Structures are given as structure tokens and as C-alpha cells.
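Subject: Structure handover

Hello,

Here is the structure I promised to pass on. Please open it next to this email and follow along.

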Amino acid sequence: MAARSHDYRVRPPKPNTELLGSVIHYICYNELRISPDETKILVTEDIFTTEKDRNELTALLFDDYEFGGVSYMPQELGSLLGSGRTSGIVVNIGASYTSVVPIYKLNILRQFTQVIPIGGRDCSATLSALLLLRKDLNLYHREHDLKQDVVDDIKEKHAEVAKTVTDAMEREVKEITYELPDCQTVNVGRERFLCTEILFSPQLAGKTHPGMTDLISSVISNLRSDLPPTEHEEIIKWVVLTGAGTMHCGMTDRVKEEIGRLHGDGIKITAPPERRSIAWMGGSIASSVEGMLAWTMKEEYEEFGPDIIHPRCY
């Protein structure tokens with residue numbers, strides 16, 4: 001039976017090769033003090049990175065910086081490895097998307113992977129819109145103080161996840177006070193719960209996509225339907241939450257509650273405390289294990305071009 005999935009298109013973010021080049025130069029020559037031509041580099045990438053974008057980055061790494069070798073790994077696989085597992089479902093909430101990626105013995109099951117274009121930026125946009133509706137926020141603050149970095153800071157420090165959508169919209173919430181750049185203050189109450197609720201109930205923001213737990217549930221159901229029990233049981237045993245968008249207080253409990261209600265208590269939900277950098281940790285593990293990564297060396301690139309790298313990616 002063919003796997004079923006939601007056909008929601010996510011536009012891959014365009015790599016800023018100029019900015020990336022500056023970062024690589026600084027890291028290599030100022031921090032690590034190494035020569036790129038004497039080392040290899042592992043790049044963690046989005047699950048839906050296009051071959052065209054990968055070609056551009058590969059050209060930058062080989063032609064401009066002359067790295068000795070290059071390899072690529074999806075962030076979700078790095079996160080799973082960083083959590084100490086080789087099979088599981090990785091839920092990654094990034095800036096512009098949420099992905100649910102099942103992995104079996106380090107093999108990404110792309111036919112079961114589901115992605116929606118809702119992420120941390122949508123939570124920030126919702127928070128900004130809600131704060132602008134507050135009557136205690138005067139016009140000056142609206143025009144000058146609610147900049148993107150200020151809204152992001154409020155979200156990262158104070159946003160939480162409610163137990164249910166009803167809880168987010170109706171329960172009494174103690175307001176917190178946030179100091180704006182000009183030393184004035186703004187009160188933040190239910191807004192800090194509603195801004196994260198769109199991850200679970202996108203319709204609150206006028207979107208038609210399923211929520212993240214609906215997405216996880218769909219992937220679990222498809223795996224159970226289409227894979228042998230020995231395989232799907234190993235995969236769905238663990239759901240790993242990763243990405244900055246999963247750091248909000250209450251996130252893990254909400255996912256546990258909703259997935260447990262839909263699929264029973266046999267599925268463990270884990271959110272490693274180091275999940276902001278867990279993909280990097282997984283990449284470090286993969287780089288240290290002989291044969292786990294398929295490297296493309298500079299000599300191969302010069303002979304065959306950048307397309308040689310794609311069959312070697314996970």
C-alpha cells in the first residue's frame with residue numbers, strides 16, 4: 001500500500017552563500033585556526049534541500065575555500081543520532097516549517113515524511129499581532145518598540161504551551177511585565193500561550209494545515225499501516241522533539257498528552273535538554289564513526305562536478 005501524506009509545499013530557504021562564506025572564513029581562520037584544504041566539512045541541511053542549492057553550496061566549499069572533503073546530513077538525522085538513537089520519529093520545529101521525519105536504522109523514510117510551512121516565525125508573527133491589539137500599548141510603542149528582535153525575545157523568554165486549545169483561549173492567565181528598549185513596560189498575558197497554540201491549531205491563524213500532533217499521528221498511522229510490525233514498532237517507540245520551537249515550557253507535556261490519547265502510552269516522547277544544538281552533536285558522532293558518512297573529496301568534485309555528491313546524501 002502506498003504511503004499517504006499531506007501535500008503541503010514548503011519553499012526551501014535560499015542559502016545566503018555570501019554570509020555563509022564570511023562565517024566559514026571566520027570559523028576556520030579566527031576560531032579553529034585551520035586550513036580548509038587540510039580538513040573536511042560536514043553540513044547539516046534541511047530535509048527538503050534542493051539539489052540546485054546543494055550544488056551552489058558545494059561549489060562554495062570546494063572552489064572558494066578548497067575544503068578537502070564535503071558531506072551532507074539532514075538535521076533530523078543528526079538530531080536522532082545526538083539523542084543516542086538510530087530509529088525513531090524526529091519532530092523538528094524550525095523557523096519556517098515543522099517536519100515529522102521517521103527514521104529506521106539511520107535510513108530516512110522520505111515517503112512517510114510530512115512537513116508543514118508553520119514554525120517559529122509564525123509564532124512570532126502571531127505574538128506581534130496580538131500585542132498590537134493591547135489597549136495598554138500606546139502608539140509610540142507600537143511603532144518603535146515592537147521590532148522583530150523584541151518580539152522574538154518576548155517569545156523565547158515567556159511563551160508557553162497550554163494543556164489544550166481551550167486552556168489557551170479561556171483560562172485565567174497571570175500577566176508578566178516585559179521591559180521595552182526605552183525602559184517602558186508592556187504586560188503580556190494570554191498572548192504568550194496563544195502564539196504557540198498555532199503550532200497545534202493553525203486555524204487560529206487562518207491556516208488550513210493540520211497541527212503538529214495531527215501530523216505526528218498521521219505519520220504513526222501510516223507507518224503502522226504500511227510497514228511490518230517489527231519495523232514500525234521500532235520506529236514509533238521514540239518521538240524526539242528538536243529545534244528551537246520545541247523549547248517552550250509545556251511543549252513536551254502537550255505532545256505526550258495528545259499522542260497518548262490517540263495512540264496509547266507505548267510511545268515515548270523525549271525532548272533532550274540540549275536540543276538547540278543536538279543536530280551538531282549528532283553530526284559530531286557521525287563524523288567520528290568510520291563509514292557512517294559518504295565523503296566527496298575535492299579531486300572527485302573536480303573530475304565529476306557537484307552532481308556526484310547527491311547519491312551520497314542520506
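Below is what was found in it, region by region.

First, a caution: this is a predicted model.

**Surface patches**

Start on the outside. A patch of negative charge sits on the surface. D37, E38, D63, D64 and E66 gather there. Take D64 from that group. D64 belongs to helix α2, which covers residues 51-64. D64 has a relative accessibility of 54%, so this residue counts as exposed; the cut-off for exposed is over 50%.

The surface also has a nonpolar patch of about 580 Å². L19, L20, V23, Y26, I27, L32 and I34 make it. L19 lies in helix α1, residues 17-32. L19 is exposed as well, because its relative accessibility is 52%.

**Salt bridges**

Now the charged pairs. Side chains of opposite charge can pair when their charged atoms come close. How many salt bridges does a search of the whole structure find? The search gives 10. Here are some of them.

Go back to helix α2 for K52 and E56. Their side chains meet in a salt bridge, with N to O at 2.9 Å. The two residues are 4 apart, about one turn of the helix. K52 counts as exposed, at 53% relative accessibility. E56 is partly exposed, because its relative accessible area is 30%.

Next come R192 and E160. They form a salt bridge too, and their closest N and O atoms are 2.9 Å apart. This pair links distant parts of the chain, 32 residues apart. R192 is in helix α8, residues 191-197. E160 is in the loop between α6 (148-158) and α7 (165-170). Is R192 buried or exposed? R192 has a relative accessible area of 9%, so it is buried. E160 is partly exposed, at 25% relative accessibility.

D167 and R171 form another salt bridge. Here the closest N and O atoms are 3.7 Å apart. D167 counts as buried, since its relative accessibility is 19% and the cut-off for buried is under 20%. R171 is partly exposed, with a relative accessible area of 35%. There is also a network: E197, R254 and E258 are joined into one by salt bridges that share partners.

**A covered helix**

Look at helix α3 next, residues 75-82. How many of its 8 residues are buried? The count is 7, so the helix is mostly covered. The buried ones are E76, L77, G78, S79, L80, L81 and G82.

What covers them? Several strands take part, including β2 (69-74), β3 (88-93) and β4 (98-104). The cover also includes β5 (107-108) and β9 (238-242). Helix α12 (278-288) is part of it too. After α3 comes G84, whose phi is positive, near 90 degrees.

T126 is in helix α4, residues 120-132. T126 counts as buried, because its relative accessibility is 17%. Which residues does T126 contact, leaving aside its neighbours within four places in sequence? They are L194, C195, I198 and A205.

S218 is placed in helix α9, residues 212-226. S218 counts as buried, at 19% relative accessibility. S218 and L204 are 14 residues apart along the chain. Their C-alpha atoms are separated by 21 Å.

K256 is placed in helix α11, residues 251-263. K256 is partly exposed, with a relative accessible area of 41%. K256 and L241 are 15 residues apart along the chain. Their C-alpha atoms are separated by 11 Å.

**To get started**

Find the negative patch of D37, E38, D63, D64 and E66. Then find the R192 and E160 salt bridge. Then turn to helix α3 and the elements that cover its buried residues, among them β2 and α12.

Best wishes

Definitions and conventions. Residues numbered from 1 in each chain as written. Predicted model: local features only at pLDDT ≥ 70, side-chain atom pairs only at ≥ 80, totals over all residues. Heavy atoms only, no water. Patch = residues over 30% accessible without salt bridge, like charges linked within 9 Å, V, L, I, M, F, W, Y side chains within 5 Å. Areas by Shrake-Rupley, 256 points an atom, 1.4 Å probe, with all protein chains shown as cover. Salt bridge = Lys/Arg side-chain N within 4 Å of Asp/Glu carboxyl O. Lys, Arg positive; Asp, Glu negative; His and termini not counted. Charge placed at Lys NZ, Arg CZ, Asp CG, Glu CD. Buried < 20%, exposed > 50% of the residue type's maximum accessible area, 1.4 Å probe, protein only. Contact = heavy atoms within 4.5 Å.
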